[in-house]
Amino acid sequence: AMFITMMADATAFSGLVFGYYFFWTVHPEFPPSGPRMDGPGSFWPMVALALAALSWGATVAARGTNRRGIVGTARLLLVFGIAARLAGIWAGLQGPLTTGLDPELHSYPAIVWVLVIWTTAHAGVGAIMQAYTLARSIAGRMTPTHDADLRNITVYQHFMALTAIVTYATIGLFPGVA
């Protein structure tokens, strides 16, 4: 069920990314020049991407560690994954915030904000899932042999890793290529 849900979500996300690249190909000056149109830069999107990768890696490692019966380490990895995910949300929002991108000025800042909001909202859901799984483990409701919760959220974290790669590479790297 999680895989099917993520496929539907990925389809919607691909439509948003298509909008960015559609404007990039049909407009000779995209992203546009002018005040508050410089884009989010590459620093904050790459920091957000690195933190998303850390959160993903921590969740994958927690799944394997829990499966091997090293429950305490799995819990610590989930805590680290949650912290990295929350820091990644903050970093993802910093790019458009610190550069003053106004989504009402042009389609470029609007699509950047849409991609960032989509990614950070989904990252927030991912952090809630990680926290839920951690709570289930602490409560004794998830064990090394009964770990469906952790396996399911790992599928979601794979989706989040791909979403972060596409979003942050698009908004942080492609404006420099255009």
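This is a predicted model: local features need pLDDT of at least 70, side-chain atom pairs count only at pLDDT 80 or more; totals for chains, interfaces and linings use all residues.

Trainee: What share of the residues in the chain is buried?

Mentor: Of the 178 residues, 44% are buried. A residue is called buried when its relative accessible area is under 20%. As for contacts between residues at least 6 apart in sequence, 83% of them join residues at least 24 apart.

Trainee: How should I read a salt bridge?

Mentor: The general idea is that side chains of opposite charge can pair when their charged atoms come close. In this model the count is three salt bridges. One of them joins Arg67 and Asp147, whose closest N and O atoms are 2.8 Å apart. Arg67 belongs to helix 2 and Asp147 to the loop between helix 4 and helix 5, so this pair ties together parts that are 80 residues apart in sequence.

Trainee: Are Arg67 and Asp147 buried or partly exposed?

Mentor: Arg67 is partly exposed, with a relative accessible area of 46%, whereas Asp147 is buried, with a value of 1%. Asp147 also forms a salt bridge with Arg151, with the closest N and O atoms 2.9 Å apart. Arg67, Asp147 and Arg151 are thus linked in a network of salt bridges. Arg151 is partly exposed, at 41%.

Trainee: Which residue does Asp149 meet in a salt bridge?

Mentor: The partner of Asp149 is Arg136, at 2.7 Å from N to O. Asp149 lies in helix 5 and Arg136 in helix 4, so the pair ties together parts that are 13 residues apart in sequence. Arg136 is partly exposed, with a relative accessible area of 26%.

Trainee: How should I read a pair of aromatic rings?

Mentor: Such a pair is described by the distance of the centres and the angle of the planes. A search of the whole structure finds 11 aromatic pairs. In one of them, the rings of Tyr21 and Trp24 have centres 5.5 Å apart and planes at 55°, so the pair is tilted. These two residues are three apart in helix 1, about one helical turn. Tyr21 is partly exposed at 22% relative accessibility, and Trp24 is partly exposed at 23%. The rings of Tyr156 and Phe159 are also tilted, with centres 5.9 Å apart and planes at 55°. Tyr156 and Phe159 lie three residues apart in helix 5, and both are buried.

Trainee: Which residues do ring pairs link into a cluster?

Mentor: The cluster consists of Tyr20, Tyr21, Trp24, Tyr108 and Phe174.

Trainee: What is the nearest side chain of opposite charge to Asp9?

Mentor: That side chain is Arg85, 13 Å away. Asp9, which is in helix 1, is buried yet has no salt bridge. Leaving aside neighbours within four places in sequence, Asp9 is in contact with Trp118, His122 and Phe159.

Trainee: Which residues make the nonpolar surface patch of about 350 Å²?

Mentor: Phe3, Ile4 and Met7 make that patch. Phe3 lies in helix 1 and is exposed, with a relative accessible area of 56%.

Note on methods
Residues are numbered from 1 along each chain as its sequence is written. Side-chain values use heavy atoms; hydrogens and water are left out. Patches are made of residues with over 30% relative accessible area and no salt bridge: like charges are joined within 9 Å, nonpolar side chains (Val, Leu, Ile, Met, Phe, Trp, Tyr) within 5 Å. Accessible areas come from the Shrake-Rupley method with a 1.4 Å probe; for residues, only the protein chains shown count as cover. A salt bridge is a side-chain nitrogen of Lys or Arg within 4 Å of a carboxyl oxygen of Asp or Glu. Helices (H or I, at least four residues) and strands (E, at least two) are DSSP runs, numbered from the N terminus. Buried means under 20% relative accessible area, exposed over 50%, partly exposed in between (1.4 Å probe, protein chains only). Rings of Phe, Tyr and Trp (its six-membered ring) pair if their centres lie within 6.5 Å; planes under 30 degrees apart count as stacked, over 60 as edge-to-face and the rest as tilted. Lys and Arg count as positive and Asp and Glu as negative; His and the chain ends are not counted. Contact means heavy atoms within 4.5 Å.
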